[in-house]
Structures are given as C-alpha cells and as structure tokens.
Amino acid sequence: MLHFRSSTVLKELFEATLKRPFPVYRQKTWLPTSSRCFCCLGAASVDARTASAPLKVLNAAARRPALRPAPRAASLRSYCVKTEAEEVEEQLKKDGAGGEAASDKRRNAGILPSLEDLLFYTVAEGQETIPAHKFLTALKATGLRSGDPRLKECMETLKETLKKTSDGVTLDRHLFKKCVQSNIVLLTQAFRKKFVIPDFQSFTSHIDELYENAKNLTGGQVADYIPQLARFSPDLWAVSLCTVDGQRHTVGDTKVPFCLQSCVKPLKYAVAVHDHSTEYVHSFIGKEPSGLRFNKLFLNEDDKPHNPMVNAGAIVCTSLIKQSASNAEKFDYVMNFLKKMAGNEYVGFSNATFQSERESGDRNFAIGYYLKEKKCFPEGTDMTSVLDLYFQLCSIEVTCESASVMAATLANGGICPITGERVLSPEAVRNTLSLMHSCGMYDFSGQFAFHVGLPAKSGVSGGILLVVPNVMGIMCWSPPLDKLGNSVRGIQFCTDLVELFNFHNYDNLRHCAKKHDPRREGGDQRQQTFGPMDYESLQQELALKAPLWKKVSPTESNEDSSTTVVYRMDKVVE
C-alpha cells in the first residue's frame, strides 16, 4: 500500500490537470491540511475520472487522512503556493527556452529524473543499496559483457569504488551513479531493451538448443591434406555470436584457437577493396561463381580468376595488398586490420600451420605459376613471395569469440560493434557480403544461398563465418568436414537457425508467421530500429512513459521521504 502526504497527492493531481508530462520528485512548500485550495481540488476532481492507472492510485490515496498533519499558518486564509517545478516551467515559457537548456533546468528542478537514478531504481528494485554482483548479473542478461571496451571506464570506477566501501560489495545510490555515469547512455539502452535483440536471454536459449542438436552429429572427416589440421579432435564444437550492438553469447569450445584458412579470403578481399576500389580489384579478379572445386587450375574467359573466394582469386587478391611493401609489412598490415575487426580480441598466428601449408602446397604453387603465365598479377609481382604471404594469412589464428566480432563488423557495415571504430568502408563490406553470398561455401554455395540465404564463408579448418546483415555475426567451428569441405555441424546449425528465425534474406518480415523474429520484443510487436541516442532524448522518453513507483529508500532531504515519487525503468519495457 502506497502512502503519500496529501500535499504531494494534490500536487500530482494538479499537475495532471495541467497535462504536465513530468511528475515532480518533491515540493519545497506545504499546504495546510485544513485550508486546502479549492481551485486545486476542483481542477483535480475534473481530471481524476480520466486519469491513468498510476494517478487513480494517487486519487484513492488522497481520500485517506494525511499521514502527518501540517502545521497551521498564523492566518487561516486559503492560498495556493507554487512549487519550484511550476516556477521553472513558467520561467521557461517566458524565456522561450528549449532543447538542452530547458532539459538542464528541468532536471535541476527535479522534474526530470537523471538516467543514473532511473538505472539505480531499476536494478535496486526498491532497496537502498545494490550488490555489485547483482548489477553485473543484470548487465550480462542484456548481452553486454563487463569486459566490453565501451564499459572500461565504468568497470574501472566500479572496481575502485568497491575498494572504498565498508563491505566491498554493495553500492548506495550516489556511489552507483558515480560508477555508471561515464557509460549511462549505453547502459540505459541495454536495460531498456533498445538493442537489436531485445529479449536476449530467450534468444540465446534457442541458440543453445540448436547447438546441442548439431552436437549429436557424428559424420564428416577432419581435413588431413594439411598435417597440422589433422591433429584437431573431431569432438570440438563451438558457436559464438556478436550482435551489431555488442551483445555476446558463446557456447562450446569457443576459446580454442584455430586457423582461419579460407575464412580469411573475404577479409583480405575487403581490405583490398578498402585500400583501392572495386574497379581496381575487379580488373584482376571476376565476380562469378566458378562451379568448380576451389583449388582448380581454371580461369574465366577473360583469363581472370572467377572470384576472390577460390584459391586462384585469393592468391591474386593477396598480390594487391600493399604492393610496394615487404612481406613482413604486408602481414602486419593485414593483422592490424583483423585485430581492429575483432575489437582487439585474440588474433594470432600458427607458424607450424604455415610451415605445414608451404611444404604441402604443391597445388597452390601450380596455381601460382599458371596465374603468372597468364599475367594475372600486377606488373612486377614476385609470385613466390605472394604465395608465402598467402600461406601466412591462411595460418592466422582466431577463436570463435574473436571471429564472431569480425563477422559482426561486417554485419555492422564495417564498424566494430564493441569499439565503435570504423574499420572498413561501406563499399568494401557490401561487395564482400555479396561475394560471400554467391561464392562463399565452395561447391555448396548455391544450395547454401537457397536454404540459408545469408552471406557466409567456410574453411577447411572447420569454421563457418556467418553474417546476418544489420543484426549479428556468428562463427561456428567444428573440424569434421563433409565431402565439399564444409563443417558438418556448422552447416546443420546454420540451416536450423534460419528454420527457427526469419534471418533468411528473403523471409518476409511482415507475414512470416511460422518463424520467430528475435528483433521484436516478445515476438509480437515490431522492434523499432534505434540508432545512437543521447542522454536527453533517453531521459525524456523514460520520464514520459514510466509509471509512478514508490521509493522506499531515504533521500538526502530532511523531509519525510516515504512519499517521494520516482520512476521505474523496467516498467517501460515489460
């Protein structure tokens, strides 16, 4: 049962009559209980019948006796006293103030609660303090990690603040606000379910089910034509995803490093287009699926490799990167690109795999000499040096987790979701995804485009780099391959994914009733696409929509704080 002083109740009802969207936390003045202003009571009674649910509660509370009788004034003359909020609003109208200046004045007057306060009351759920672990658990449920680079300042402040608390565990409102203020807009978007996957826990539970279904498959053979690859266990199986908002989920052996192999082909093609242009790159390489095995010695009718996703095209593409630099400089250059795409997560190099590839790479040497004979390289290219770099790039190591961020960078138009840094140009990303869609899955590309309908690239190490444009990137990894060189479990997972969710490029988002749309909250209403939001717009939207809620923790005021009205953020999104 909520308890409010009559003065606070009358004030709220009076503001509802004036159609004020932002309730006031408290007023500085008081109204004598026996000398209430009839103008206020009359106005409130007119509007009470049409009040919203929270105001009906307030109206009911108003019929009860006041909890604490206010002192009588010397004179029994009836009068009205303006609240500070009303004075601020009148002054804003006189000054014609708007935008940020008006928002600042409203916030200072207590009309708009701060986002920090809203976040505190959301997590605290009526308590006076918040255990740090409770905040971190709630944060994880949104899909954000405490190690997210965007939250670095927040987490460092939290760590230092907890050292200074008496128990090293709990935070009061003021300490909590100090910790979150540096990242408050991102945190508010997370807790208000403004991310691309609003109900992230429900979505990831489905992902875990798909993972378990594919885990039961036992077919396929681990690639053995490169000796180092043959050493991986066929039981390894991992799935990791990263959304364009930086929501993360992993399941399985996601921290085991493995080589990108052919999964690096679209990435280095994107680097080449980013550095040069589409026209320049495709003056050396075609855009069509070959219809042949990825390592065939075969060119199109213009004596060019068919596309950058087969070995011949990838070797020529390698020759276009930093043409005047040494191999060491070229390798570092590509590595830096990949690390930026991965948000500075793990990107390594397997020298053993590189040596193994070079020693067993007779077919690729044959392709190289064939390309040289057909003058497919830029003038002055050292073919053997290009092949060395080609083997090195195939031997770059990632984990499922870091590779999923790379895929998410492609899904996000070239901007890394967890750092916000633009790594690739929109042109490079668009062209890369187009070729992944048509040529990325070896001889299975047509069937994959038909059944899955998403850009992807597979590699003989067992990886499948999958991109859901504008939504997320996924890396699946399991060494056993089918006869076409694709991961058996990875193909099954991707197929099941689009059967459950409407991620296929040609699924109708309006009328595809048989599939779930995780971009909609609860699967019912369409989720609005949200761009970056600033502090003021989030603050005003919260205050407009949030219902009233009793705050039970004391405030710094000397007044009785049991009647203070605040907002509860999670009510907005239930």
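Biologist: In what order do the 5 strands of the open antiparallel sheet stand?

Modeller: This is a predicted model, in which local features need pLDDT of at least 70, side-chain atom pairs count only at pLDDT 80 or more, and totals for chains, interfaces and linings use all residues. Residues are numbered from 1 along each chain as its sequence is written, and side-chain values use heavy atoms, leaving out hydrogens and water. Strands are DSSP runs of E with at least two residues, helices are runs of H or I with at least four, and both are numbered from the N terminus; two strands pair if DSSP finds at least two bridges between them. With antiparallel pairing, the order is β5-β4-β11-β10-β9.

Biologist: Which strands of this sheet have one side left without a neighbour?

Modeller: Strands of a sheet pair through backbone hydrogen bonds. A strand at the edge has a single partner strand, so one of its sides has no neighbour in the sheet. Here those strands are β5 (248–252) and β9 (456–458).

Biologist: Which residue in β11 is the bridge partner of Leu465?

Modeller: Let's look at the two strands together. β10 (residues 463–468) pairs with β11 (residues 472–477) in the antiparallel sense, over 6 bridges. In β11, the partner of Leu465 is Met475.

Biologist: At about what angle does helix α19 run to β11?

Modeller: Axes are lines fitted to C-alpha atoms, for helices over the stretch in contact (heavy atoms within 4.5 Å). Angles between N-to-C directions run from 0 to 180 degrees. Helix α19 (residues 400–411) lies across β4 (238–243), β5, β10 and β11. Its angle to β11 is about 145°.

Biologist: Within what distance do the axes of α12 and α20 come?

Modeller: Helix α12 (residues 265–275) and helix α20 (residues 426–439) cross at roughly 145°. Among the residues that meet there are Tyr269 and Val273 in α12, and Leu435 and Met436 in α20. The axes come within 9 Å.

Biologist: Which residues have the most contacts inside the largest nonpolar core?

Modeller: A nonpolar core is a set of buried Ala, Val, Leu, Ile, Met, Phe, Trp, Tyr and Cys residues joined through side-chain atoms within 4.5 Å; buried means under 20% relative accessible area, with a 1.4 Å probe and protein chains only. The largest such core has 103 residues. Leaving aside neighbours within four places in sequence, Phe503 is in contact with residues including Phe203, Leu454 and Val468. Those with the most contacts inside the core are Leu338 and Phe503.

Definitions and conventions:
Buried < 20%, exposed > 50% of the residue type's maximum accessible area, 1.4 Å probe, protein only.
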